[in-house]
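Work through the exercises below with the sequence and the model open beside you, and try each task before you read its solution.

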Amino acid sequence: MVKITVVKTKAYPDQKPGTSGLRKRVTVFQQNQHYAENFIQSTISVIEPSERQAASLVVGGDGRFFMKDAIQLIIQIAAANGINHLVIGQNGIMSTPAVSCVIRKIKAVGGIILTASHNPGGPNGDFGIKYNISSGGPAPEGITEKIFQVSKSIQEYSICPELKVDLSHIGKQTFEVDTFKPFTVEIVDSVDAYAEMLRGIFDFVALKELLSGASHINVRLDAMHGVVGPYVKKIVCEELGSPATSAVNCVPKEDFGGHHPDPNLTYAADLVNAMKGGEYDFGAAFDGDGDRNMVLGKHGFFVNPSDSVAVIAANITSIPYFQKTGVKGLARSMPTSGALDNVAKAMNMQLYETPTGWKFFGNLMDAGKLSLCGEESFGTGSDHIREKDGLWAVLAWLSILATRKQSVEEIMKDHWQKFGRNFFTRYDYEEVDSDGANKMIKDLETAMFDPSFVGKKFSSGDKTYEVAVADNFAYTDPVDGSVSKNQGLRIVFSDGSRVIFRLSGTGSAGATVRLYIDSYEKDPKKIYQDPQVMLAPLVDIALKVSQLHEKTGRTGPTVIT
């Protein structure tokens, strides 16, 4: 019989989960007494006690430092709170898309994901705990707010301290817990359910031919020592026949090999350089927890994430899943370029523009309004689950290559010829002093909301732009009528070009200021230009208007996409 202990604790004021859960430095979880236990108890508290005795919870993470400790605490606290059944990925490993898939498959009450996504790991890195609901999607604000309220007033938590589970052994283990019915912990293969789902979405015969047939292409898939490694090995190499050498950095590491597991041109530079050699036809990188992806063509041809979702939309019939379900609608986050809008218009599809955060897409999907969506931050997905899905996006691209029998670059250039091109760039200023960042945004908002701002002309080089709209983006959800305000400062010029400023909350220290520039071009002579050259005047204007460098003390961005 496993004993339950009630432990007295003191509340912490800073356990407010964002869209992506609670993210802090590892040291915060390790050095503050009961910090992780408090938050896990607060999270489980949102599951009604009457539901717990029949409830299954899915647990998995990206392999980062402190994950295994946190999983043991989740097991001990779940048991003491009367949860009936935990399903955990072997060795704790389960990608965020796979957790969403398993929640939906077994009709779980929810899931707890141990990840800080694309943030660095290791003893000095970041750690995070995120709760997903029964749809498989991230907890909406109503639930994260409940978790936060409990965490601010918590005085005790319940735990079974003697309970220890071997995470490496696949199978069920049952424990008799004091006062509750038996508690079952089921360790499952991390990949199986997710692979089975993908088989129902894509044409695996065509993909196998593309990757290992007589005239196969060569691919290089870089998991950046994150969670996607085992999925790439099992699905792309073992099942679809791509050689084992096409899977790179595919062993999950607690510190991601000392790197930043963020699939962009800066942090995935090794892949970019390998692609430049011309040996590979297709390349992709994934982030720590497997929900983000970057796609590259031969010689390092970069596919902007805003273009990526647009190309998938324009070629959606290459994917059998959509032949069965039809296309209910398309969506993008507000800072994402208007490339998807051009496809929606041409193909007469409904398009939604939402704030940043996958939960907004989830609401539309649950209401049957949305099939395919994407964010400029390297997230692409569909209504097969309720998270963005890196490997799904890569198999979607490979399906298009198999159908069209063209290279990535040819597909992209054909797309621009047909729909025009949205030149897009994003400047990230990471770990900026929060006070400086907030003041910069506040001052900019004051300037933008002055009645004389609309109609103002700004010039740089030989370009002049006139302000048509200046606002702070607000969104009314068409499903439940909820309103999300202050989602990003937007300056829209009369030619449709947009400059957007946002403070991001996905880092664990300081603030990240993001500047987005989007400008449409349909002149066939100009569509192959370098985005940085084409957008230089708008970048210059954005930096002048905001005084971003002066007010943050920075001389340039940390990352340019």
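**Exercise 1.** How many cavities of 30 Å³ or more does the structure hold?

*Solution.* This is a predicted model, in which local features need pLDDT of at least 70, side-chain atom pairs count only at pLDDT 80 or more, and totals for chains, interfaces and linings use all residues. Residues are numbered from 1 along each chain as its sequence is written, and side-chain values use heavy atoms, with hydrogens and water left out. On a 1 Å grid over the protein atoms alone, a cavity is a set of points where a 1.4 Å probe fits but cannot get out, and its volume is the space filled by probe spheres set on the points, which are joined across faces, edges and corners. By this rule the structure holds three such cavities.

**Exercise 2.** Describe the largest cavity and its lining.

*Solution.* First, the space in the largest cavity is about 60 Å³. Next, 15 residues line the largest cavity (lining residues have an atom within 4 Å of a point), and those nearest its centre are Pro17, Gly21, Lys130, Tyr131 and Thr144. Finally, helix H2 (35–44), strand E6 (126–133) and helix H6 (141–153) each give two or more residues to this lining, where helices (H or I, at least four residues) and strands (E, at least two) are DSSP runs numbered from the N terminus.

**Exercise 3.** Is Ser399 buried or exposed?

*Solution.* Ser399, found in helix H15, has a relative accessible area of 5% and is therefore buried, since buried means under 20%, exposed over 50% and partly exposed in between, with a 1.4 Å probe and protein chains only. Ser399 touches Phe202, Leu207, Ser318 and Ile319, leaving aside residues up to four places away in sequence, where contact means heavy atoms within 4.5 Å.

Note on methods
On a 1 Å grid over the protein atoms alone, a cavity is a set of points where a 1.4 Å probe fits but cannot get out, and a pocket is an open set with protein on both sides within 12 Å along at least five of seven lines; lining residues have an atom within 4 Å of a point.
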